[in-house]
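Colleague: I have just opened this entry and would like to go through it with you. Could you guide me, step by step?

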Amino acid sequence: MKLILILFALIATPLAAQTALPPAPYADQQLADPAMERKAKALMETIRCLTCQSQSIADSNASMAGDMRSQIRERIMAGEQPEAIRVWLIARYGDWVSYEPTAAPILWPLWAAPLVLLALGVLLLRSRIKRKARS
Amino acid sequence: MRKLLIWLPLALFLGFIALFSSGLFQPDDRIIHSRLVGQPLPAFTLPAAASDRPPLASSQLASGQPRLLNIFASWCVPCAAEAPQLDALKAAGVQIDAIAIRDARPDVDAFLKRNGNPYARIGLDARSEVQIALGSSGVPETFVIDGKGRIAYQHVGEIRADDVPMILDRLRAAQ
């Protein structure tokens, strides 16, 4: 019993340390329409939490992440497109806030890497086969 | 050619070592600055957060004079730590308005009673909506707003005693 109480205390303190207010209405509540919820969830998984910087807002318990989840769900419910919300957030926090890679020039090597590696592999294979055939 | 190629893995390895060790000595900057610096404030209208201060709307911040917009919360410890610096800024004649994030009026009242109240107006942003619209990533933060209502500067984190002259300079520059 005592152990359980201690465990509860451990859980309760960090939550209370953030803010006294209850979470925003749609922070932890799914949208009624499954298709909309799917859209909102997909977006939330690729938006980075500002408080816990290595988590998406879908994974984070930070109160600000909860507020962002609620805002995203409400905006999707109002008919806004997920990509429009992403653009809106990037205009405020920069590319940093989105986990989705963009087509910015700095990422061109990333997109080119699979093609370059594939081409290298084909070249290697061709030279090997040629050598085998000769010997 | 073949002879040189033998050294390629070693060269790559040394390259990575150099990259990683240079990363060890670079200070880790995790501050996310708002991209709205230099742009007009997003429009907002907020209800009053404290019993004895009027509410805040974005239109009131384009007053012809540069001013400060402080983002704080009663539950935020560093916000209490920056209170003396805000008092010093107010004593220097600076207009300071505030937005209280995820807060409730009794809590804000108690916070202001404890730490002093340098604010002219305080808006209540109960669901961080204006905070997100501002591109602010936490509390406390302080925005310098120029006379036309544009964001001239964003200070992330609490204002320390040695930041006060810099903030005053920023206000002067926003004139």
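Modeller: Let us begin with a term: domain bounds come from an automatic or database domain assignment. Please also note that this is a predicted model.

Colleague: Which domains does the assignment give for chain A?

Modeller: Chain A is assigned domain 1, covering 23-100, and domain 2, covering 104-135.

Colleague: How many Å apart do the C-alpha centres of domain 1 and domain 2 of chain A lie?

Modeller: The C-alpha centres of these two domains of chain A are 39 Å apart.

Colleague: And how many helices and strands does chain A have?

Modeller: There are 5 helices and 0 strands in chain A. Read from the N terminus on, the order of elements is α-α-α-α-α.

Colleague: What percentage of chain A counts as buried?

Modeller: Of its 135 residues, 21% count as buried. As for contacts in chain A with a separation of 6 or more, 51% come from residues 24 or more positions apart.

Colleague: Let us turn to chain B. How many residues are in contact between chain A and chain B?

Modeller: On chain A, 19 residues are in contact with 18 residues of chain B.

Colleague: Which elements of chain A give two or more residues to that side?

Modeller: They are helix H3 (63-77) and helix H4 (82-93) of chain A. The largest share, 6 residues, comes from H3(A).

Colleague: What classes of residue are found on the side of chain A that touches chain B?

Modeller: That side of chain A has 9 nonpolar, 8 polar and 2 charged residues.

Definitions and conventions:
Residues numbered from 1 in each chain as written. Chains lettered and ligands numbered in written order. Predicted model: local features only at pLDDT ≥ 70, side-chain atom pairs only at ≥ 80, totals over all residues. Contact = placed C-beta atoms within 7 Å. Helix = DSSP H or I, 4+ residues; strand = E, 2+ residues; numbered from the N terminus. Nonpolar A, V, L, I, M, F, W, Y, C, P; charged D, E, K, R; others polar. Buried ≥ 20, exposed ≤ 12 C-beta atoms within 10 Å, placed from the backbone.
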